[in-house]
Amino acid sequence: MKPAISIDFGAAYTKVAIRRQPDTPSELLNHDSLDLDPLHVCIPTIAAWSASRDQWVFGADAADMRSSDDIHVFRNWKKALFESGDKIFDPESLVGSIFYRAPAIDGQNDPKMKARTVGLKYFHWLKNELVPSMAGTGEVTDEAIMRICIPDFALNSLEASSFDDLLTDAGWRTLSSFCISEPLANLTGALSQGRNYMNRDEDGEEMPDVSRIFQGSDLISFINSFDATTLGEVPPSVYSVLIIDVGAYTADFGLVAIDLESLGYFPLCETNSEPLGISHLDEMVQNRLSDDKKQAIRKLSSMDLEKMRRSVYSDETAWEHPEVGKIGGGDEAAIIQSCIVELATEIGRSLEGFLHEHETTNVDEVILTGGGNNIPRLVDELGKQLSGKGAKTFHAANVKETIGSARAVPLKAEVVRGASAIGGASVLFGDI
């Protein structure tokens, strides 16, 4: 079985994980140059290009660059690769405008082709420079196949096929398609917490040891109950897992129904995204602070903004700004609290609509991931709202032993930040 590299390709940040051997844990890779989070794992999904010198920089080196007549900074360009239609490439749209403003790139004037070129350059840089530096073993990265987590809705689209071609052109290798379902990878990473185990079947063939990989989860109890019919009762055959990933720009919902009568096939997912990420929390907070602090926050570099978020939202301590003084202290602490509660309420309201749309009144297990779910107060509020959904277990960061009447399983910070990348490197996705 080959080693695997998994990439969680996010609109704001990209994360990378590696599984070196069939039975070694999936590792979330880090690098000292990545200072935007305490784990050093978040790679800004940013590319910057100097037209006059035809020179590119990526990731952390491009994070604080600003566009000018010569420098063109490409942010939030993931949409241009996976969402079809003229709206994305409207010259007035946030994404489309950056491609219309830029001159021809490698001879390409069409905005869609420019977007493809940006993607090609970015993934070539990951393959040849950053990932080998992060993984530390050239032999493994040369042998490994790659998977990439993309939105579930895009899996069978023409855009996914084109993306496969882009990754091949960038130098990556795979056994079939590069693309896997982001909600399924997220679920796998959270429930396994990176564990990989193998055993042999009756014919001596190596197979993933699902019981050990998912040990401690209620999913395993459910799977085992399907065979344990000693009392003659037939247990329910469908198990529902709800995933809530709160990221920089969106809150993503994934509803995964695992049907044991169809074992051997990945389940279908229902997914939805709402613009209720941490940038929305930033806007709420800024609009309730004084004008000088509002403007000061909006001018922060990406690095300083992350530091402020960590102090004010997660650690519940004031952050010192060099010009306007403390942010989030004194009376402002109550403002921060109310904004976090309001964000959780908005997410909960959208979640209610999502579950109602898919005629779901009960979920068995809940997984809370994404950088936003490193905020303890947000996790507490979401837990309160979800406690009445019948869930027996919550998986989240910074939790006590229970959430309501449900069991709470703490997730490692690496898993909360990079569950999709960690899950995508799992042996469960197969590397024969």
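**View 1. E27 and R20 meet through their side chains in a salt bridge, 2.8 Å from N to O.** A salt bridge here is a side-chain nitrogen of Lys or Arg within 4 Å of a carboxyl oxygen of Asp or Glu. E27 is partly exposed, at 30% relative accessible area; by the cut-offs used, buried means under 20%, exposed over 50% and partly exposed in between, with a 1.4 Å probe and protein chains only. Please keep in mind that this is a predicted model, in which local features need pLDDT of at least 70 and side-chain atom pairs count only at pLDDT 80 or more, while totals for chains, interfaces and linings use all residues. Residues are numbered from 1 along each chain as its sequence is written, and side-chain values use heavy atoms, leaving out hydrogens and water.

**View 2. A salt bridge joins E283 to R298, with 3.1 Å between the closest N and O atoms.** This pair links distant parts of the chain, 15 residues apart: E283 belongs to helix α9 (residues 278–286) and R298 to helix α10 (residues 291–298). Helices (H or I, at least four residues) and strands (E, at least two) are DSSP runs, numbered from the N terminus. Both partners are partly exposed, E283 with a relative accessible area of 35% and R298 with 42%.

**View 3. K326 and E320 form another salt bridge, their closest N and O atoms lying 3.4 Å apart.** Here K326 counts as exposed because its relative accessibility is 52%, whereas E320, at 47%, is partly exposed. Elsewhere, salt bridges link D282, E306, R309 and R417 in a network. The whole structure holds 16 salt bridges.

**View 4. Three strands make an open antiparallel sheet in the order β6-β5-β7.** The edges are β6 (55–58) and β7 (71–74), each pairing on one side only. From one strand to the next, the twist averages 15°. Strands of a sheet pair through backbone hydrogen bonds, either parallel or antiparallel. Strand β5 (residues 47–50) and β7 pair in the antiparallel sense over four bridges, and two strands count as paired if DSSP finds at least two bridges between them. To find your place, look for A47, whose bridge partner in β7 is F74. Helix α3 (residues 111–135) packs on the sheet and touches β5, β6 and β7, its direction making about 65° with that of β6. For such angles, axes are lines fitted to C-alpha atoms, for helices over the stretch in contact, and the values run from 0 to 180 degrees between N-to-C directions.

**View 5. S217 sits in the loop between α7 (210–213) and α8 (218–227).** S217 is buried, with a relative accessible area of 4%. Its side chain reaches the backbone oxygen of F214 at 2.9 Å. Beyond its neighbours within four places in sequence, S217 is in contact with L191, E365 and R407; contact means heavy atoms within 4.5 Å.

**View 6. T360 lies in the loop between α12 (332–357) and β17 (365–369).** At 15% relative accessibility, T360 counts as buried. A polar atom of the T360 side chain is 3.2 Å from the backbone oxygen of H358. Setting aside neighbours within four places in sequence, T360 is in contact with L255 and L355. K389 is 29 residues from T360 in sequence, and the two are 9.4 Å apart in space, C-alpha to C-alpha.

How values were computed
A polar contact is a pair of N or O atoms within 3.5 Å; within protein, one must be able to donate a hydrogen and the other to accept it, and residues adjacent in sequence count only if both atoms are side-chain atoms.
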